[in-house]
Amino acid sequence: MNCFYHPTVSAIGLCKYCQRGLCAECAAVVDDVLACKHRHEDEVHQLEQLTARNLFQSKRVGSAYTRNAIFYGLVGVLFTGFGAVQYRFLGLQAVFFIMIGLFLLYAASANYFEGRKHK
Ligand SMILES: [Zn+2]
Ligand SMILES: [Zn+2]
C-alpha cells in the first residue's frame with residue numbers, strides 16, 4: 001500500500017481517523033497512534049480520549065458490581081444463617097431474617113451477573 005497523499009511513496013501505517021495510508025512524511029503520532037499530519041491530528045486525539053474513557057468506565061462499573069455482589073452475599077449469608085439458628089427461639093421473627101437474607105443473596109447474584117456483562 002502507498003501513501004494516500006503521495007501515491008509513489010509506500011505507506012508506513014494508517015490514519016486512525018480516515019484509514020488512509022500514510023508515508024513517514026504525512027504521518028503524525030498522536031497518543032501512540034498515527035494520524036494524517038495537519039489534517040486529522042485533532043480528530044484522532046478525540047477518538048483516543050473517547051476509547052480510553054470508555055475502557056476506564058466499563059472497568060470501574062464492572063468492579064463496583066462485583067464489590068456489591070460480595071457485600072450482599074456476605075450480609076445475606078449472615079442474615080439467613082442467623083435466622084436459621086435462631087428459628088427455635090424467635091419463630092416468625094427468624095423467618096423475617098431468613099427472608100431478608102434470601103433477598104440479599106438474590107441481589108448478590110443479580111449484581112454478579114450484571115458485573116460479568118461489563119467485562
Ligand atoms: Zn486521516
Ligand atoms: Zn505521504
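This is a predicted model: local features need pLDDT of at least 70, side-chain atom pairs count only at pLDDT 80 or more; totals for chains, interfaces and linings use all residues.
Author: Two residues are in contact if their C-beta atoms, placed from the backbone, lie within 7 Å.

Reader: Which element is included in what covers the buried residues of α2?

Author: The cover over the buried residues of α2 includes α1, which runs over residues 41-90. The buried residues in question, within α2, are Phe97, Gly101, Ala108 and Asn111.

Reader: How many residues does helix α2 have, and what should they span?

Author: Helix α2 covers residues 92-117, and because each residue is counted at 1.5 Å, its 26 residues should span 38 Å; the C-alpha atoms at its ends are 38 Å apart, in agreement with that expectation.

Reader: How should I read the packing of α1 and α2?

Author: Two packed helices are described by the angle between their axes and the distance between the axes. Here α1 and α2 pack at an angle of about 160 degrees, and their axes are 7 Å apart. Angles over 145 degrees count as roughly antiparallel, so α1 is roughly antiparallel to α2. The crossing in which α1 passes α2 is left-handed, and the contact of α1 with α2 has, by class, 21 nonpolar, 12 polar and 1 charged residues.

Reader: Why is Phe97 classed as buried?

Author: Phe97, which is found in helix α2, is buried because 20 other C-beta atoms lie within 10 Å, and the class begins at 20 or more. Leaving aside residues up to four places away in sequence, Phe97 touches Phe79, Phe82 and Gly83. Phe97 and Ala84, 13 residues apart in sequence, are 8.5 Å apart in space, C-alpha to C-alpha.

Conventions: Residues are numbered from 1 along each chain as its sequence is written. Chains are lettered from A and ligands numbered from 1 in the order in which they are written. Helices (H or I, at least four residues) and strands (E, at least two) are DSSP runs, numbered from the N terminus. The expected span of a helix is 1.5 Å times one less than its number of residues. A residue is buried if 20 or more other C-beta atoms lie within 10 Å of its own, exposed if 12 or fewer, and partly exposed in between; C-beta atoms are placed from the backbone. Axes are lines fitted to C-alpha atoms, for helices over the stretch in contact, and angles run from 0 to 180 degrees between N-to-C directions. Angles under 35 degrees count as roughly parallel, over 145 as roughly antiparallel, 65 to 115 as roughly perpendicular and the rest as oblique. A crossing is left-handed if the near helix is turned anticlockwise from the far one by less than a right angle, and right-handed if clockwise. Ala, Val, Leu, Ile, Met, Phe, Trp, Tyr, Cys and Pro count as nonpolar, Asp, Glu, Lys and Arg as charged, and the others, Gly among them, as polar.
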